[in-house]
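I opened my notebook to look up how this chain is put together. Here is what I wrote down, entry by entry.

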Amino acid sequence: MRMLQAKGYTLSHDPEEICGEYVVVNTCGFIGDAKEESIELLLGVASLKEKGEVGHIAVMGCLSERYMKELTSEIPEVDFWYGKFDWRGFARMLPDRRKCIEPKPWERMLTGDKWNAYIKISEGCDRFCAFCAIPLITGRHKSRPIDEILEETRQLVGEGVREFNVIAQDLSSYGLDLYGYHALAELIDRMAGIEGVDWIRLHYAYPTDFPYDVLPVMARHRNVCKYIDIALQHVADPVLERMRRHFTGTQTRELVSRLRRVVPGIRIRTTMLVGFPGETDDDFQKLIDFVRETKFDRLGAFAYSEEEGTFAALHLKDDVPEVVKKQRLDTLMKLQEQIAFSLAEDQIGSQVKVIVDRIENGRVVGRTEFDSPEVDPEVFIYIPSGIKMPDPGEMVYAQVTATEGYDLIAELVDGERG
Ligand code: SF4
C-alpha cells in the first residue's frame with residue numbers, strides 16, 4: 001500500500017465497501033474455513049466487476065499461492081494473480097502517477113487502529129507438524145534482519161503506534177537461519193529500548209527449543225508484556241508423537257511451570273487440537289486433566305480437519321468421527337470457559353492499565369497488557385460524569401469492579417493518563 005501511495009494512487013481499505021479502479025484481495029489458504037471465506041470474497045468481488053462497480057482485480061496471499069492454477073480457470077474475472085511472495089510485482093506493474101522513490105521494505109501503511117500494529121519478524125516454518133499446511137505454503141523459515149525490524153518499529157512509533165504485536169509462524173526459531181543462534185531475546189531487548197514503544201506482545205512460539213533467554217528480557221522490561229502465545233496442541237504422548245511435535249507431555253508441563261516461575265504473573269495463551277487421528281478417549285481425558293490443572297489464561301481450540309498434502313492427510317487415517325470431534329471440542333471449550341470466567345473474577349479489586357480501543361455506548365472499551373487485539377478479553381470502563389472521556393489510543397488506569405464473562409468491568413481511576 002505504501003508503494004502504491006508513493007506512486008500517486010489513492011487507497012482505501014474497507015472490506016464492507018469494495019470499490020475502485022483496482023481491487024486487491026489478500027487471501028488465506030491455511031484451513032477449510034479460511035479458504036471458504038477467501039473464495040466467497042473473491043466471488044463477491046468478481047460479481048462487482050461484472051456489474052461494472054470495480055475495475056481490475058488482483059489476488060494475492062496463501063490461497064492463490066496454493067491453488068493458483070485451479071483458481072485461474074474457476075474465477076476468470078480476476079486480472080492478476082500474484083501468490084504469496086511476489087506481491088510487489090503488482091505495485092511495480094502499475095504506471096507511476098507521479099515521480100516517486102520506492103519505499104523501503106519497512107515503510108508501511110497502517111490499515112487498522114493507529115495505536116497498535118502487528119510486526120512480522122519472520123516468515124515460514126521448518127517444523128512440519130503432521131496436521132499443518134503452513135510450511136507447504138510459506139516455505140522454509142526466514143527471519144527478517146534485526147535492524148530492519150527496528151527501523152520499522154521506529155517508523156511506526158513516529159506514526160503514533162505504541163503497542164506492537166510481534167508475530168511469526170514460529171517465534172522460537174527467530175534468528176537461527178540468519179545469525180545461527182536464537183535471536184528473539186536480542187531483538188525484543190532492543191525493541192524495548194526504543195522510546196515510544198509502550199507494549200510489545202509475543203505471538204506464536206513453538207515449545208521445542210523455546211528461547212528461554214527471552215524470559216528475563218520480559219521480566220526486566222516494563223514495556224514487554226507478560227504474555228506469551230504458545231500453541232501446545234496436546235499433552236498425550238502418543239498424540240504428540242503422531243502430530244510430529246517432537247515434544248512430550250512431561251516437557252510441556254515443565255515448560256509451562258518454567259514460564260510461570262521465571263516471569264511471575266505471565267499470562268499464557270495456547271491452542272489445542274482435538275480429534276487428531278488416533279486420539280482415544282484416554283488421550284482426550286489427559287488433555288482435559290492437563291487443562292483443568294494448568295488453568296491457561298486464554299485457550300483456543302480446533303477440531304482436526306484433514307489438510308491436503310500434509311503428513312497426516314497422506315499417512316494417517318482421519319478416524320475420529322466428526323460427532324466425537326465436536327463433542328470433545330465442546331467439552332474442552334466449556335471447561336476453558338469456567339476457568340477463564342473464574343480467573344477474570346480473581347481480578348476484581350485490582351487496578352489495571354488499559355489502552356483505549358474505542359468508545360461504545362458511553363463507556364470506554366480497551367485492553368490490558370494481557371489482552372491481544374481481536375482474540376482476548378476486553379475491559380469496559382464507566383466514566384463518571386464530569387470526567388473527560390479518554391481518546392482512543394490513550395492509556396488509563398482503572399479499578400476492576402465486576403466481570404462480564406471473559407471481560408472485565410472497571411471504573412476509571414482518575415489521575416495519570418498517557
Ligand atoms: S509450528 Fe505451527 S506453523 Fe509450523 S508446522 Fe507446526 S503448526 Fe504449522
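This is a predicted model: local features need pLDDT of at least 70, side-chain atom pairs count only at pLDDT 80 or more; totals for chains, interfaces and linings use all residues.

**Entry 1: the open sheet**

My labels follow DSSP runs, numbered from the N terminus: helices are H or I with at least four residues, and strands are E with at least two. Two strands pair if DSSP finds at least two bridges between them.

I looked up β1 next, and it pairs with strand β2 (residues 54–61) in the parallel sense over 7 bridges. How many strands form the open sheet? I found 3, in the order β1-β2-β3, and the pairing is parallel. β1 (20–27) and β3 (80–81) stand at the edges with a single partner strand each, so one side of each has no neighbour in the sheet.

**Entry 2: the domains**

I then checked the domain assignment, with bounds that come from an automatic or database assignment. The chain is given domain 1 (2–93), domain 2 (116–345) and domain 3 (351–412). The C-alpha centres of domain 1 and domain 3 lie 36 Å apart.

**Entry 3: the barrel**

Which strands close into a barrel? I wrote down 5 strands in the order β12-β13-β14-β16-β15, with mixed pairing. Neighbouring strands of this sheet are turned by 50 degrees against each other on average, direction ignored. For such angles, axes are lines fitted to C-alpha atoms (for helices over the stretch in contact), and angles run from 0 to 180 degrees between N-to-C directions.

I followed the pairs around.

- Strand β12 (residues 351–360) and strand β13 (residues 363–367) run antiparallel and are joined by 5 bridges; Arg358 has Val365 in β13 as its bridge partner. Their hairpin has 2 residues between the strands, and Asn361 takes a positive phi near 50 degrees there.
- β13 and strand β14 (residues 379–382) also run antiparallel, with 4 bridges. Val364 has Ile381 in β14 as its bridge partner.
- β14 and β16 run parallel, joined by 4 bridges. Here Tyr382 is partnered by Glu411 in β16.
- Strand β15 (residues 395–404) and strand β16 (residues 407–412) pair in the antiparallel sense over 6 bridges. Thr403 has Leu408 as its bridge partner in β16, and Ala398 has Leu412. In this hairpin, with 2 residues between the strands, Gly405 takes a positive phi near 70 degrees.

**Entry 4: two helices**

How do α6 and α8 pack? Helix α6 (residues 146–158) and helix α8 (residues 184–192) pack at an angle of about 30 degrees, and their axes are 10 Å apart. They are therefore roughly parallel to each other, a label for angles under 35 degrees. I also saw that α6 passes α8 in a right-handed crossing, meaning the near helix is turned clockwise from the far one by less than a right angle.

**Entry 5: around the ligand**

The ligand is surrounded by Cys125, Arg127, Phe128, Cys129, Cys132, Ile134, Pro135, Gln169, Asp170 and Tyr206. By class, this shell has 7 nonpolar, 1 polar and 2 charged residues. Ala, Val, Leu, Ile, Met, Phe, Trp, Tyr, Cys and Pro count as nonpolar, Asp, Glu, Lys and Arg as charged, and the others, Gly among them, as polar.

Definitions and conventions: Residues are numbered from 1 along each chain as its sequence is written. A residue is near a molecule or strand if its C-beta atom, placed from the backbone, lies within 6 Å of it. Angles under 35 degrees count as roughly parallel, over 145 as roughly antiparallel, 65 to 115 as roughly perpendicular and the rest as oblique.
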